Amino acid sequence: MAEAEQKKVTNIAPSTDMEQALYAVKQKIYPRAVSGWFASWRVALVLFTQLLYYGLPWLSWDGRQAILLDLAQRKFYILGLVFWPQDFIYLTGLLVIAAFSLFLFTAIAGRLWCGFACPQTVYTELFLWIERNIEGDRLKQMKLDRQAWNIEKIARKTAKHTAWLALALWTGFTFVGYFTPIKELAISFAHWTLGPWETFWIFFYGCATYGNAGFMREQVCKYMCPYARFQSVMFDSDTLTVTYDSSRGEPRGPRSKSTDRHAAGLGDCVDCSICVQVCPTDIDIRNGLQYECIGCAACIDGCAQVMAKMGYPRGLIRYTTENVIKGKYPDSSILSHVLRPRTLIYSVLLLAIVATLGMALISRVPLRADAIRDRIAARETAEGYIENVYRLQIINMENRPHRYVISVAGLPGIKLADSSPLVQVAPLGTHDAVVHVQIDPGELSTRSSPVQFKIRSLDNPDLTTTVRSTFLNR
């Protein structure tokens, strides 16, 4: 009996260990600051993206906010264009372009978006910059977290979190400023007269930024972002990825600068672990490509600094392809392998979609109309005509008024009771016009017949649209 119990305990132990490994408490990562070519690019893209994000809502265009997604009025202002809910197809095209761009860039050079322009990466970089300027570099941060609470620790932690919260709330405020005129929002914020929805979204988006960039950081990339899980589908042997050249670096080992590594039987890797210390997701790139790698290339810059100090050639960790590492072609031939069936297909599809969307925008007529036939059945007029009544909803999608003339066609002898009705529509406004359509009964041979209404601007003949409906016989 005792032996049976012992077997049960033995069988249970491995699964218990597995559960402990899967649910281990998260350890804080202290990424080491690094400088270099890729770090400079990352800083430049952080500045560029944030200047766009924080600056665009404050720009004016034709006396209004340049970028404003006015959900209440169902109008979306993008520079000189005004889009309506009926223009949803353009948003669909934009999302398809973004998806194919991501596929193309990933097939060429891996997770460029994740490493340099993803909001999670950008705001983590900003929060890390604040943290380093208040608490110090990596070693000082680790020392501060280990020491007991005192005046200095309280002051530094309070200053850091205050700066984090200020940046997070400014981010939330700017986000809401894309949906509510930001100048009006600023006045309301200053006078504490914000509406409930504005207040909710400022604090919700601000708290999300504060939590994701300040605390969760790499956890978002590892566990919440789906891109890390399916990125390998878009990789192939010619995709540029951050790679450790094991054939050159192994066997690794510490040594002095004066040591002859070849005589000592060592590779170029001095096992300094700088590549691990600078990694924001705390992986060791020397273990090969891992899904946690966001392609930020911080390890490339860190390793390059060590190689320079040791007098070794740079590139022990570099952007290269699997085929280069396997010796199928040299690094100098990488560019010639960028154009391959996968990238060509993505490029052709992307160009076709961009061209189609561009042509659609160019040929877009800023005039929409809908025709709704009155529910009352067709009636006979005193003159003996068959008459249908329609309500035409005309939408002027330009930021200036227009006068439109309405006409009807589709059947012989069909006409409007008012021969040429004129409609005045305000800028970015709508107008409902009730029109009476008449026809001689002898011209009708079926129970229902198709008709078309033509709406044409008097001051711009190119501003014309046609809407279809049906004419019912008695």
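Two bridges join strand S9 (residues 379-380) to strand S10, and the two strands run antiparallel. Welcome to a predicted model, in which local features need pLDDT of at least 70 and side-chain atom pairs count only at pLDDT 80 or more, while totals for chains, interfaces and linings use all residues. Residues are numbered from 1 along each chain as its sequence is written, and side-chain values use heavy atoms, with hydrogens and water left out.

Helices (H or I, at least four residues) and strands (E, at least two) are DSSP runs, numbered from the N terminus. Two strands pair if DSSP finds at least two bridges between them.

Strand S8 (residues 367-373) is joined to S10 by 7 bridges, running antiparallel, and isoleucine 372 has arginine 391 of S10 as its bridge partner. Is S10 mostly covered or mostly open? S10 is mostly covered, with 8 of its 11 residues buried. Buried means under 20% relative accessible area, exposed over 50%, and partly exposed in between (1.4 Å probe, protein chains only).

**An open sheet**

Elsewhere, 4 strands form an open sheet with antiparallel pairing, in the order S13-S11-S15-S16. Its edge strands are S13 (422-425) and S16 (464-472), each of which pairs on one side only. Between S11 (residues 402-409) and S13 there are 4 bridges in the antiparallel sense, and valine 405 stands opposite leucine 422 in S13.

**Helix H2**

Now to a helix. H2 (residues 37-55) has 19 residues and reaches 27 Å from its first C-alpha to its last, close to the 27 Å expected at 1.5 Å a residue; the expected span is 1.5 Å times one less than the number of residues. Phe38, Ala39, Arg42, Val46, Gln50, Tyr53 and Tyr54 are buried in H2. They cover an arc of only 120 degrees around the axis, which puts them on the same side of H2; the arc is that of the directions from the helix axis to the C-beta atoms. On the other side of H2, Trp37, Leu47 and Leu51 are exposed. The buried residues pack against several elements, including helix H7 (151-177), helix H9 (196-216) and strand S7 (317-320); contact means heavy atoms within 4.5 Å.

**Aromatic pairs**

The whole structure holds 22 aromatic pairs. Rings of Phe, Tyr and Trp (its six-membered ring) pair if their centres lie within 6.5 Å; planes under 30 degrees apart count as stacked, over 60 as edge-to-face and the rest as tilted. Here are two edge-to-face examples.

| Ring pair | Centre to centre | Angle between planes |
|---|---|---|
| Tryptophan 37 and phenylalanine 38 | 5.0 Å | 85 degrees |
| Tryptophan 164 and phenylalanine 215 | 5.9 Å | 85 degrees |

Tryptophan 164 in helix H7 and phenylalanine 215 in helix H9 are 51 residues apart, and their pair links distant parts of the chain. Tryptophan 164 counts as buried at 1% relative accessibility, whereas phenylalanine 215, at 42%, counts as partly exposed. As for the other pair, tryptophan 37 is exposed with a relative accessible area of 57%, while phenylalanine 38 is buried at 16% relative accessibility. Ring pairs also link Trp37, Phe38, Trp41 and Tyr319 into a cluster.
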